[in-house]
Amino acid sequence: MNLRKYLKVYKKFLHTSLASELEYKTNILVDLITAILSLVGSIFLLSIFFQNNGYIGGWKFEQALIIQAIYTILNGITNTWFNPNLTEIVKHIREGTLDFVLLKPIDSQFFISLKKINPSGFLEIMLGFLLLFFCIRINQINLNLSFLTLSFITISCSICILYSLWFFISTTTIWFVKTWNAIEVLRSFLYIGRFPLSSFSFTLRIFFSVFIPIAFITTIPSEVFLGLSVFWKILLEIIVATIFLINSRKFWLFALKFYSSASS
Amino acid sequence: MVQNIIDVKNLSKSFDISSKEPGLKGTIKHFFKRQTKSLKVIKDISFEIKEGEIVGFLGANGAGKTTILKMLCGLIYPSEGSILVSGYLPFRRKENFLKNITLIMGQKQQLIWDLPPIESFYLNASIYDLDKFEAKKRIKKLSEMLEIDEELYIPVRKLSLGQRMKSELLAALIHEPNILFLDEPTLGLDINAQRNLRKFLQKYNKETNATICLTSHYMKDITSLCKRVICVHEGAISYDGKLDLLLKKLSPVKEILIVCRSEEDAIKLENSGFTVKNKIKNEITIKIENKSITSSLKTILNNFDIEDLFINEPPIDEVIGKVLIKKDYDI
């Protein structure tokens, strides 16, 4: 793979995508307001849960805020990259415009995963980081190199798992054509990621760890921030992320063999 | 000797198609138990195309023309048989193969809707690994050939269909491919836009010796661009050869309207042994076989007092229409 070429193409993707989005100023403004209101609403909801009892699943409100911060960052990444690109796969397949992507001398997964960005998602990412820094202060977390490395690794793994899940569902469009509902189900499961895994019953914990690994996406990175994480959990998240990423790739290449293109 | 750039042998393609009975009962049955059957849409076809050739694929809707084009450019896997395009197996979609080809579809677009076409051109240039200087040079050259200038800087959504199609062509040709697959490129365009597009394709073919495979329902596209046509009928090739041979075979006779100086001349002509279609006063329409048209006209002009003469070609759409419904043509 020619890395220089891919960087050059990605720079063009960023440029064209930003230029397209900036054509609609009001839309961006509405998105920005939605992101702020959504974060305020989530924190308010979380504070209601903690009003009676100071703890949920052994987590204090200040600690649970870390999960909310990580969730906000991931949701921002979802809105910036995954949502505009991966939902477009369905459109590409239904309308047959995937033909143009497949005939370009560039990796098709790279193209359809990164072609667009939604700039308003950046604000959500920034808000998430602001909340995270606030949590670091109120939880008196010591920022050392090993902590920063582990946080980076676990958050990167979370992004990979989330991307792979979403990409996997979108790829099934090649057979089923319409898969909006499955993506909506995935998004609603992600809301669950705002709460500590230990606050759920044993059965749900197993479900959210094994079948839909939402637990890996927010809880494990948050545990790293609080110094509660154990080595095997981090290792497990790395393994899960690697397996998901490799399989999403394999699944895409396999699915393309069944692509029949839309009729003209 | 000109080499084959496309080589297709015993190519077949089957699709699984599901069918549904009408009504609510049919819908519920279709939801729970979908009945699918394998439909062979391309049946054992073989042909070769030489470098620099312009070949038209003719056929009724659903005959399989687009499926053939999509297999040739590597979008669809063939079920049986082999395809070699420029020495590559298309469905492997190797980088060097993709740099050699392009697909233009009249009813689909790749330009970024909200931005001027120039942005899409530079994006494509980066995908094809062209530097900015080279991209600028090619955009200038192609835009001159296509006669577009200001349109390059206007958002695509505000362009007319003709301007958009020209921009689509520029975006698809920026990497200077030597094989063009065109699927109904003039669809929906007005007469002038169609003519300009055809003019451009002729020029491009002449200047670059690019091979062009074209499908179109506008017969003017086929007659002005293609010397060779491949007729597809229900997934099989019903004719592969020169277009003029096909036209001669399908319409071996021309109609000639002759305006005589007097009605007497018309009666004389009527009784002179020609096949007469009709006669109204001093105007007479006769049918003459293509092969004897020159000698027959010479005889008429030498022996009769003729005021005017019109040679009527049968409408091309009517002639080609016969191809679309017939299974086999032996020329």
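Author: A definition comes before the first question: the radius of gyration is taken over C-alpha atoms, and the globule rule is 2.2 Å times the number of residues to the power 0.38. Please keep in mind throughout that this is a predicted model.

Reader: What radius of gyration does chain A have, beside that of a compact globule?

Author: Chain A has 264 residues, and for that number the rule puts a compact globule near 18 Å. Taken along the principal axes, the C-alpha atoms of the chain fill a box of roughly 60 × 40 × 35 Å.

Reader: How many helices and how many strands does chain A have?

Author: Read from the N terminus on, the elements of chain A follow the order α-α-β-β-α-α-α-α-α-α-α-α-α-α. In total, chain A has two strands and twelve helices.

Reader: Which element gives the most residues to the side of chain B that touches chain A?

Author: The contact involves 28 residues of chain B and 21 residues of chain A. On the side of chain B, the elements giving two or more residues are helix H2 (65-72), helix H3 (95-98), strand S5 (101-105) and H4. By class, the residues on that side divide into 14 nonpolar, ten charged and four polar. The element that gives the most, with five residues, is H4(B).

Reader: Are H4(B) and H6(B) roughly parallel or roughly antiparallel?

Author: The axes of helix H4 (residues 117-127) and helix H6 (residues 161-173), both of chain B, come within 9 Å and cross at roughly 15 degrees. Because angles under 35 degrees count as roughly parallel, this crossing makes H4(B) and H6(B) roughly parallel.

Reader: Which residues of H6(B) make the contact with H4(B)?

Author: The crossing of these two helices is right-handed. From H4(B), the contact is made by B:Pro117, B:Ser120, B:Phe121 and B:Asn124, and from H6(B) by B:Ser167, B:Leu170 and B:Ala171.

Reader: Which residue of S12(B) is the bridge partner of B:Glu255, and of B:Thr275?

Author: Strand S10 (residues 253-260) of chain B runs antiparallel to strand S12 (residues 283-289) of chain B, and seven bridges join them. Strand S11 (residues 275-280) of chain B is also antiparallel to S12(B), with five bridges. S11(B) and S12(B) form a hairpin with two residues between them, and B:Lys281 in the turn has a positive phi of about 50 degrees. For B:Glu255 the partner in S12(B) is B:Lys287, and for B:Thr275 it is likewise B:Lys287.

Definitions and conventions
Residues are numbered from 1 along each chain as its sequence is written. Chains are lettered from A and ligands numbered from 1 in the order in which they are written. This is a predicted model: local features need pLDDT of at least 70, side-chain atom pairs count only at pLDDT 80 or more; totals for chains, interfaces and linings use all residues. Axes are lines fitted to C-alpha atoms, for helices over the stretch in contact, and angles run from 0 to 180 degrees between N-to-C directions. Helices (H or I, at least four residues) and strands (E, at least two) are DSSP runs, numbered from the N terminus. Angles under 35 degrees count as roughly parallel, over 145 as roughly antiparallel, 65 to 115 as roughly perpendicular and the rest as oblique. A crossing is left-handed if the near helix is turned anticlockwise from the far one by less than a right angle, and right-handed if clockwise. Two residues are in contact if their C-beta atoms, placed from the backbone, lie within 7 Å. Ala, Val, Leu, Ile, Met, Phe, Trp, Tyr, Cys and Pro count as nonpolar, Asp, Glu, Lys and Arg as charged, and the others, Gly among them, as polar. Two strands pair if DSSP finds at least two bridges between them.
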